[in-house]
Structures are given as C-alpha cells and as structure tokens.
Amino acid sequence: LAQPVSRRLAALPGSALALAQEQLPAVVARLRKGGPVDVAAAAPPLRAGNDEIGQVGEAIDTVRQVAIRSAIDEARVRQGVNDMFRNLARRNQSLLQRQLTVLDDMERRATDPDVLDDLFKMDHLTTRMRRHAEGLIILSGSPPGRSWSAPVKLIDVMRGAVAEVEDYARVTVSSQSRAALAGSAVTDVIHLLAELIENATTLSPPFTQVRVGCETVAN
C-alpha cells in the first residue's frame, strides 16, 4: 500500500519543479519570440486520482495554469505598450524627417548669416529629437526607420553621430582610414557613438575637447 502512495506523492513535487524549471521558461521564451502559447498543451493535467492526493494534484494543476496564463497576459500587455511606443515614435519620426527637409530647403535659400546660424541650430535640435524617437523605436523591439544599402565611410558615420550630440562644437573627428561600414550597421553604430560622445561631453569639463577617431588595425 505504501509503495503506490509514495510513487503518486513523488510525482507531485516533480510536477512543481517542472513548472518552475522547464514549462514557464519555455513559455516565456516562446512569448518573447512572438509565438502562440496553448495553456492546455503547455501544462497538461496531472492524473493523480480522485482521493486526497488527486485533490493536491488538481491544486498544482490550477497553479500551473494560472502561472502560464499570467505570463501570457503579461506578454500581451508588454506587447501592447511596445506597439504604442512604436506607433508614437514612428509618427514623431515622420514629422521630424519632414521638418528636417523643410529646414534644409530654408538653409539653402537663407542669405543672412544670423538667420542661417539659427536655422543650423534648429536643424541640429531636430536631429537630436529624431535620435530620441529612434531610441524609442529600438526599445520597442523594432529596427529604426533609417537604413543604408551601400557601405558608408567610417568618417561619415562618426560625423553623423557628432551631429546628434548637443555639445557638438566641442567634438573633433579625424581619421586616416578609408574603411567603410556595412549599410545595415550604420544606424546602430551612429546611435552607439552618439551616446558615447554625449557621455564624454557631459562628464568632461566644458572647456575641453572631445576627440573621436578611427584607425585600421593589423587584424
């Protein structure tokens, strides 16, 4: 009598451990990839009988299903928030791109040096706002809208990053390398360099210069 009871009791903690170590991590991984999750398939019911041991098994079943449903609901809420941020950032990105186009046209037609200087400041401010909008898109799990198909010279990539920093006048860019960066990586590298350069300008004395350079190494 004791042996079958022991076997049935031993299956209950095993089921709880399987939930914590296998089932829930697998469900979370599938949700992160955007795949569907079937609660019944992810947590099949235990067959523990109709007595007191069976009632404990049913309670564990309920806990497993509630845990998996909670993970699914949390993933849906997170996805909804991500979609909202992405949609708002896309709209801002579109408006800022149109604003940059208008500013470029105004800069070409401006003749007054003071007006041209103010237009350059607005252009730079708009460029920084576009970087923050793209940052929201990246945080939502989507690629930013800007992309290049052809390789871009590293010196131009660095200049593009400097243009997105508030204190850009303190930054000097130099390079003797003719290396270019694959177009698919340009946007990410510009974002990375802009964050690093902004850290350098923020955390250094205001009278110093920030130097950015790149060189081709042996390997």
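A salt bridge is a side-chain nitrogen of Lys or Arg within 4 Å of a carboxyl oxygen of Asp or Glu. Glu-166 and Arg-128 form one, with their closest N and O atoms 3.6 Å apart. This is a predicted model, and the structure holds eleven salt bridges.

**Overall fold**

- The protein chain has six helices and four strands.
- Read from the N terminus, the order of elements is α-α-α-α-β-α-β-β-α-β.
- Of the 219 residues in the protein chain, 32% are buried.
- Take the contacts between residues at least 6 apart in sequence: 74% of them join residues at least 24 apart.

**Confidence**

- Mean pLDDT for the protein chain is 81. A value of 70 or more is reached by 84% of the residues.
- Among the elements, strand β1 (residues 152–153) has the highest mean pLDDT, at 93.
- Helix α2 (residues 39–42) has the lowest, at 64.
- Where pLDDT is low, the predicted coordinates should not be read in detail.

**Helix α4 against helix α6**

- Helix α4 spans residues 113–139 and helix α6 spans residues 183–203. They pack at an angle of about 115°, and their axes are 11 Å apart.
- The crossing of α4 past α6 is left-handed.
- On the α4 side, the contact residues are Arg-128, Arg-131, Glu-134, Gly-135 and Ile-138. On the α6 side, they are Thr-187, His-191, Ala-194, Glu-195 and Glu-198.
- By class, this contact of α4 with α6 has five charged, three polar and two nonpolar residues.

- Glu-195 forms a salt bridge with Arg-131, and their closest N and O atoms are 2.8 Å apart.
- This pair links distant parts of the chain. Glu-195 sits in helix α6 and Arg-131 in helix α4, 64 residues apart.
- Glu-195 is partly exposed, with a relative accessible area of 40%.
- Both residues belong to a network of salt bridges that links Arg-130, Arg-131, Glu-164, Glu-195 and Glu-198.

- Return to the opening pair: Glu-166 forms its salt bridge with Arg-128.
- Glu-166 lies in the loop between α5 (154–162) and β2 (171–175), and Arg-128 lies in helix α4, so the pair ties together parts that are 38 residues apart in sequence.
- Arg-128 has a relative accessible area of 17%. Buried means under 20%, so Arg-128 is buried.
- Glu-166 is at 53% relative accessibility. Exposed means over 50%, so Glu-166 counts as exposed.
- Arg-128 is also one of the α4 residues that meet α6.

- Arg-109 forms a salt bridge with Asp-105, and the closest N and O atoms are 3.1 Å apart.
- Where do the two partners lie? Both are in helix α3 (residues 52–109), four residues apart, about one turn of the helix.
- Arg-109 is exposed, with a relative accessible area of 57%.
- Asp-105 counts as partly exposed, at 33% relative accessibility.

Key:
Residues are numbered from 1 along each chain as its sequence is written. This is a predicted model: local features need pLDDT of at least 70, side-chain atom pairs count only at pLDDT 80 or more; totals for chains, interfaces and linings use all residues. Side-chain values use heavy atoms; hydrogens and water are left out. Axes are lines fitted to C-alpha atoms, for helices over the stretch in contact, and angles run from 0 to 180 degrees between N-to-C directions. Helices (H or I, at least four residues) and strands (E, at least two) are DSSP runs, numbered from the N terminus. A crossing is left-handed if the near helix is turned anticlockwise from the far one by less than a right angle, and right-handed if clockwise. Contact means heavy atoms within 4.5 Å. Ala, Val, Leu, Ile, Met, Phe, Trp, Tyr, Cys and Pro count as nonpolar, Asp, Glu, Lys and Arg as charged, and the others, Gly among them, as polar. pLDDT is the predictor's confidence in each residue, from 0 to 100. Buried means under 20% relative accessible area, exposed over 50%, partly exposed in between (1.4 Å probe, protein chains only).
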